[in-house]
Amino acid sequence: MNNSKKVFIRTYGCQMNVYDSELVSGILKKNDYSIVHDEGSADIVLVTGCTIREHADQRALGYIRQVLARKKTNSELIVGLLGCLGQRAGPEWQEMLPELDLILGPDAYRNIHFLLQNLPKKSFVEPENILEDYDDIPPLRKKGASAFIAISRGCDHNCTYCIVPFTRGRERSRPLNSIVKEVGNLVEEGFKEVTLLGQNVNSYSNNGDSFPDLLEKISEIRGIKRIRFTTSHPKDLSERLVGIIRDKENVCSHVHLPVQSGSDRVLKIMGREYTSDHYLRIIDLMKREIPDVCITTDIISGYPGETEEDHQKTLKLVEEVEYDSAFTFKYSPREGTPACTMGNNVPEPVKTSRLNEVSTLQRSITAKKNQEIIGKTVKVMIETVSKRSPEDMLGKTDGGKNVIVPNVKLNPGAFCSVRIVATSSQTLFGQLEEVLDDNGSMTN
Ligand code: 5AD
Ligand code: SF4
């Protein structure tokens, strides 16, 4: 059946949610819907929502309320909630927002075109098919140089704070050959970089193939210039993986390794299954083996039972590792997780001041590390026109740092050498020295 309904998708949350929106776009496009980038022209607005922290819920809720208000003047408008938030908040939000037409969790997208055609029936789809890996479904990706590709879904770790195992189910890894084939197709389509996604890429396991096996195979694909991956769990990061990052030129020297806390006591309560010593040993190994490795992390402040002493241990670890950057969060209780009922809550003002201390310390470390790059020449892959000015382009270093290159016009995916001349808190500013491949076509 030909259906020309226009769909706009708004995404909140991590790269996996971005990828999920691309999967849903792929399914809908195949079923003759058109995907639009202008919300005002859409017949259907879908929100892929995140629920990792209370703040994420509130952001999506604010947007959904705004879209639902448009139903007053456009009664035909269909509004749906997808993603982790759809899975967790579904039943509760249906009561709160009865005008929501569709609510689906991350394992229930396969028949979304069918469900949309059977509205106004509301649909909560439980992830009854927990084996869903969408292996056969091509996502509809934005044109550009860089593509996301999910290698696994779900998570088998039981971090006591985390809602993800409840929203995304048990871990499932896609077959190695299928992922390798998909990367090959992406190269043919013109993509230069892939980011391999999984809640914990290091525990990828399919038919005896491990994550290092997969990474090695992908790195051998002709034409793939950069391979990134996220997220790594410190418990599962192997020496072999470190060796591959060191030896394979197209495997980027960036490891995002969430530590969460510097205190062994808190790590234990969090169910992280490693000690700070183990963590620091991996950091040490990476710094020794991988030249110019960039290490980033996630940290939670104010965990139930976290004492001032625990907090000081986190500060000490941050100082010792000298991360390139860090995402720092205030602990946010998520209903249904073990931590939510632990009691022993840290008072809100204490949480806030600890968070500020961690992020202020990290900001100063990031600034210092960025200062050290000034005057150096780095290899940058151009990604897009800068939001700051249409005359400037934005690219990334191998380590994943953003670089603004002013007054150039280069194609996304072009590699160039850039001399860094200045930095702001998160961004490097450079001057183009040389375009390094024929993808560049510099015009001024
Ligand atoms: N509260 C605060 N931060 C959280 N994260 C996950 N769950 C919570 C929570 N309940 C953080 C972790 C994780 C990142 C994606 O989000 O640091 O690594
Ligand atoms: Fe991503 Fe976790 Fe948010 Fe789900 S809850 S979108 S997995 S960050």
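Which domains does the domain assignment of the chain give?

1. The assignment, whose bounds come from an automatic or database domain assignment, gives domain 1 (6-125), domain 2 (146-371) and domain 3 (377-435). Taken over C-alpha atoms, the centres of domain 1 and domain 3 are separated by 35 Å.

2. On conventions, this is a predicted model, in which local features need pLDDT of at least 70 and side-chain atom pairs count only at pLDDT 80 or more, while totals for chains, interfaces and linings use all residues. Residues are numbered from 1 along each chain as its sequence is written, chains are lettered from A and ligands numbered from 1 in the order in which they are written, and side-chain values use heavy atoms, with hydrogens and water left out.

3. The shell around ligand 2 (residues with a heavy atom within 4 Å of it) consists of Cys14, Asn17, Cys50, Thr51, Ile52, Cys84, Val164, Arg168 and Gln199. Because domain 1 (6-125) and domain 2 (146-371) both contribute residues to this shell, ligand 2 lies between them. By class, the shell has five nonpolar, three polar and one charged residues, where Ala, Val, Leu, Ile, Met, Phe, Trp, Tyr, Cys and Pro count as nonpolar, Asp, Glu, Lys and Arg as charged, and the others, Gly among them, as polar.

4. Around ligand 1 the residues include Ile52, Arg53, Tyr161, Gln260, Asp298, Phe329 and Ser332, and the shell divides into five nonpolar, two polar and four charged residues. Strands β15 (294-301) and β16 (325-330) each supply at least two residues of that shell, strands being DSSP runs (E, at least two residues) numbered from the N terminus.

5. Oxygen atoms of ligand 1 lie 2.9 Å from a polar side-chain atom of Arg53 and 2.6 Å from an N or O atom in the side chain of Asp298, whereas a nitrogen atom of ligand 1 is 2.8 Å from a polar backbone atom of Ser332. Taken alone, ligand 1 exposes 400 Å², of which the protein buries 86%, with accessible areas from the Shrake-Rupley method and a 1.4 Å probe.

6. An open sheet of three strands runs in the order β7-β10-β13 with parallel pairing, two strands being paired if DSSP finds at least two bridges between them. β7 (146-150) and β13 (226-230) stand at the edges with a single partner strand each, so one side of each is left without a neighbour in the sheet. β7 pairs with β10 (residues 193-197) over five bridges, and Ala150 stands opposite Leu197 in β10.

Methods. Polar contact = N/O pair within 3.5 Å; in protein donor to acceptor, adjacent residues only side chain to side chain. Helix = DSSP H or I, 4+ residues; strand = E, 2+ residues; numbered from the N terminus.
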